[in-house]
Amino acid sequence: MTESTAPRRGAARAASRRGTLVGWALLAPALAAYIGFVVVPFGMGIQYSFYDWNGVGVATWVGFENYAKVFTDATLLASIGNAFVLIIYFTIIPVGTGLILASLIRSMRAGAFSTISQAVLFLPQIIPLAAAGIAWSWMYAQTGTINQILGWVGLGGLARPWLADYGTALPAVGLIGSWVLTGLCTVLLLTGIGKIETSLYEAIRLDGAGWWREFFTITLPGLRQEIAVLVTITVIAALSSFDIIYTSTQGGPGRATLVPGISIFRIGFTQSDVGLASAFGIVLMVIVLAVVLPIQRLSRSSR
Amino acid sequence: MAIHTPRGRRGIRLATGLVATAAITGLALTGCAPGTSAPTETTNADVSTELTTEEVNLVIADETGFPVTDKLAEEFTKQHPNITFTINRDTFQNLTANAPKLLASSTPPDLIRLPTIGDTVKDGLLANLDPYYDAYGWDAWPASQLAPLRMSEDGIRGSGSLYQLGLGYSITGIFMNLELADQLGIDAPPQTMAELEEDLATAKAAGVLPIMAGDKDGVVNFVVQAAMNQYADKDEFMSWMFNEPGATYNTPGNVEGAELIRKWADAGYFPSDINAIDYFTFTSRFSEGEGLFTFNGNWAAADYQKALGDDVTFFLVPPINEGDGHVAMGAANSFSVAAKSAHLDEIVYFLNWIHTDPTARQIIVDVTGASPGGDPSLPLPEVESGSLIEKALEMSAQIGAENGQVDFMANTTAGIYAGSIIPESQLLVTSKITGEEFVERVQAFYESEVG
Amino acid sequence: MIVSRTEVVIGRILLIVVLIATVLPLISMISAALQPADVNPTGLVWPSDPQWGNFVTAFETGHVWTLMVSSSLIVLGVVPASLIIATLAGYALGAMKVKGSRWILIFFVLGLTIPFEALIIPLYYQAQGLGTLNTQLAVVFPLLGLYMPFSVFWMRAHFVNVPTELSEAARVDGASVWQEFRSIQLPLAMPALSALAILLFLWTWNQFLLPVVLIADPLQRTVAGALTFFQGQYSLSIPLLNAGALIIITPAIIVFLIFQRQFIRALLQGAVKG
């Protein structure tokens, strides 16, 4: 740490130059950590992606071959497709539920019920995603709670091992994501809706508008910023999901729940194909950027 | 930094590491290839079969749930108090993913559970045990048992130098629930595949689950490969598992075996939630009396016996024609010594001790139910007469005598099990793909990995 | 405010449904954890003979104590250092407005969207090069870097909103940068800092991918990373797995319940700013 005790008065320019120096000194550790452990590895990843390398032995330059493989290998493409399907469960369901709840309740009077609901809604945010995967694997098991409840309500015929059924595995995994994210979305949107001028609501109600029109003309535009933020966070969570799937299905049955995160881990470490795994990692990052940047732009221009 | 390691060397290593990272970054800019240069073969000209008298701590990396290394280490330390052990455990999946990196690290474990050799020999990560083979006289051990543990310079398994040894040598077969068999009027284990199929049909018709199996983590492949073994040419199958050039998985025998599995899947011989069942669930459900048959290894004998008492027996998968030789998967619970181990002599002494010391051999049998291997002229450990373990040891001996042992196809390459065999078999046993498609897809993956 | 009664009622009912759905998996875990360890459990049951011993077994076989210590070491390695480094940088960018701040900020913000999976392979070989592989440092260093974009962004957002008059007044009084920073800026930054500390604690404690890949010995990982150790399916049963997972999530839940208000505020602000 630069620590200066020299007198402060002097030429303004000198002060500003000194300020710049101190400023850069203050920035240096942050830049070092960021460059050292994010930018440099990113550069290494790009480098690896052009090689055929098993991580230990001699590496061979292969140009864009690994990238070509990412875009032609049906298994890898399918895993990207699955990640996009997860957006339904990680983004649309949580944000949708949150919006409906927020607009119906609109404001929660401070009180025991509100405190308890907030705490409960936040629980899934507190526990590790890996634990969520374990908890839900058990919920979804043949003898698990979901099938049991279906039996209670007379829908026992629907019972199945949800994570092992091709038709239901991906939605089932996705709903774990919904479980984790719905609380966050609801509470954030409730907070947001509380900031919208109540006079706007009173005006439109006096105008004879129903819930529906009110929702679209006041609530939705008023929450644009919050929605953009939530969509960004949840879309990134969907596209780069790993923990939940690693501890629940590991990509199965077949490859029904295979996502890029699991593929990268498996290709890079189990199959020791570092080049291909790195290329896939770079591609995943580009995809995330390509999806997230437009959302950011939308939220900005709408302000 | 808030973390202090007791080892002072960390700071120095960190400093050199930073330099190394800088160098790597520099390389990135100049476009040099990552990785090291070709490995240099370490030849251990002088090996010692005498155990040191110094204090030595040996590190073993093993998978979770296999306590045999704990027991062996404990006994060895009892006999040789100057040798202590540190045993690190991780799940099979994590361990196999990490193994090559662990071995290449600057502080590799001395001994590591390594199901597939993969590139590790090519990269010079494993200690070549040939000098010890001569020094200890392991030529008296069954050659067929050691063959899968060898690898040639071209990376082909089955011949060449010895790189692994087994902590127990397993054999797989079929466990039958005798109480259910009794109810169904089945009085003896099937002698042919046709008889086996009859029994399966009988069970199904009576509403008894014919085969308890699971495929969340691929264990149904005990059944898939058991079927293939009976139709395939054993040597051809082995040459593929050993990665010999030109060898293929796509043989008529393998397809026939896979089609049989598809037929069984269509007939509903497997549990309906098979893809949700993992190893633990399938063994515990069979132990709870669900399923007439289950395909598993001799290592499970002790647990099944404990749960089912006298109501369970073990036999080899029957051949197609009565009287033909049996073929069964079996493998060493294979461990390799890190080339960089600082205690080569000590760890190999430990391995030799496991194969020769009566107490150690007894531990192998008692804990794993597997055969201890080693010199066949050594007395076999004592087991309770009439027990399932005794049966399992008999079967092991029988396969040895018939020379009918094949490796597990999951060990063919490092990535094939998780990358192809598990997902494709999940599709096969739920009738989503045909046996032929299964075989073709696994072969395609194999080519992409080996080719 | 006019809110029709039916809407409120529907809203409340829906909220209660969501609340039940939220706690159900946790209750289901407790139910499984209390069933006998050596059989396959069945759904939600009120255990007639609750096996509290499962928690003891899971605690011992899972080496939970060792794991907690290891997790704490990683948290101690990441959180204080991140706070200090990010505060300095946030101050430089937000209050001092160093020349080029805008570009530096953009440079950091780009890092916010990087999925960890994209970096995990190089991070592995980097740790190997540094000789930190298989130690807690292998996770601590990358997390410092990976959390830095968010932390810097967060602290800058705070400092940008501190009125410049305050620091100008201090300078006129002849205070050094350091004095001004310590006596004026730091106290004002405490709420932002504590919120950031909570977020970083949670993210580090729950970090899964990095410890699984970078630390081979499960006992040196974070508790979350060690969950796979519990999944060692050959040895542990479903009841024990659930018991272990419950033990592992308990500390975070306790901390959460104590600092609930701060937690929720931190997470909400974190979401908005992130």
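Trainee: Which residues does B:Met193 touch, not counting residues up to four places away in sequence?

Mentor: In this predicted model, B:Met193 touches B:Gln230, B:Pro318 and B:Ile320 once residues up to four places away in sequence are set aside. As for its place in the fold, B:Met193 belongs to helix α7 of chain B, which covers residues 193-205.

Trainee: Does it count as buried or exposed, and why?

Mentor: B:Met193 counts as buried because 20 C-beta neighbours lie inside 10 Å, and 20 is the number at which a residue is called buried.

Trainee: And how far apart are B:Met193 and B:Val317, in sequence and in space?

Mentor: The two are 124 residues apart in sequence, while B:Met193 and B:Val317 are 7.9 Å apart in space, taken from C-alpha to C-alpha.

Trainee: Staying in chain B, what is the order of the open sheet formed by 4 strands?

Mentor: The order is β8-β9-β7-β10 in chain B, and the pairing is mixed. Strands β8 (211-212) and β10 (312-315) of chain B stand at the edges, each with a single partner strand, so one side of each has no neighbour in the sheet.

Trainee: How many bridges join β8(B) to β9?

Mentor: There are 2 bridges between β8(B) and strand β9 of chain B, residues 293-297, and the two strands run parallel. Across from B:Met212 stands B:Thr294, which is in β9(B).

Trainee: Which strands does helix α12 of chain B touch when it packs on the sheet?

Mentor: Helix α12 of chain B, residues 301-308, touches β7 (172-177) and β10 of chain B, and its direction makes about 155° with that of β10(B).

Trainee: Now the open sheet of 5 strands: what order does it have?

Mentor: That sheet of chain B has the order β2-β1-β3-β12-β6, again listed with mixed pairing. Its edge strands are β2 (83-90) and β6 (164-169) of chain B, each of which pairs on one side only. Neighbouring strands in the sheet are turned against each other by 25° on average, with direction ignored.

Trainee: In what sense do β3 and β12 of chain B pair?

Mentor: Strand β3 of chain B (residues 111-113) and strand β12 of chain B (residues 332-337) pair in the antiparallel sense over 3 bridges. Within that stretch, B:Leu111 stands opposite B:Val337 in β12(B).

Trainee: What about β6(B), how many of its residues are buried?

Mentor: Strand β6(B) is mostly covered, with 6 of its 6 residues buried. It is joined to β12(B) by 4 bridges, and these strands run antiparallel. B:Leu165 has B:Phe335 in β12(B) as its bridge partner.

Trainee: Which strands does helix α2 of chain B lie across?

Mentor: Helix α2 of chain B, residues 68-79, lies across β1 (56-63), β2 and β6 of chain B, and it runs at about 170° to β2(B).

Trainee: Switching to chain C, how many helices and strands does its secondary structure come to?

Mentor: Chain C has 12 helices and 0 strands. Of its 274 residues, 56% count as buried, and the C-alpha trace spans about 75 × 65 × 30 Å along its principal axes. Among contacts in chain C with a separation of 6 or more, 74% are between residues 24 or more positions apart.

Trainee: Which domains is chain C divided into?

Mentor: Chain C is divided into domain 1 (5-56) and domain 2 (64-237 + 248-268), and the C-alpha centres of these domains of chain C lie 33 Å apart.

Trainee: How many residues does the contact take from chain A and from chain C?

Mentor: The contact takes 90 residues from chain A and 86 residues from chain C. On the side of chain A that touches chain C, the largest share, 19 residues, comes from helix α1 of chain A (residues 12-48). By class, that side of chain A has 58 nonpolar, 26 polar and 6 charged residues.

Trainee: And how many does the contact between chain B and chain A take?

Mentor: It takes 33 residues from chain B and 29 residues from chain A. The side of chain B that touches chain A divides into 15 nonpolar, 10 polar and 8 charged residues.

Trainee: Where does pLDDT stay under 50 in chain A?

Mentor: It stays under 50 over residues 1-11 of chain A, for which the model has 9 contacts beyond four places in sequence. Where pLDDT is low, the predicted coordinates should not be read in detail. For chain A the mean pLDDT is 85, and 90% of its residues reach 70 or more.

Note on methods
Residues numbered from 1 in each chain as written. Chains lettered and ligands numbered in written order. Predicted model: local features only at pLDDT ≥ 70, side-chain atom pairs only at ≥ 80, totals over all residues. Contact = placed C-beta atoms within 7 Å. Nonpolar A, V, L, I, M, F, W, Y, C, P; charged D, E, K, R; others polar. Domains from an automatic or database assignment. Buried ≥ 20, exposed ≤ 12 C-beta atoms within 10 Å, placed from the backbone. Pairing = 2+ DSSP bridges. Axes fitted to C-alpha atoms, helices over the stretch in contact; angles between N-to-C directions. pLDDT = per-residue confidence, 0-100.
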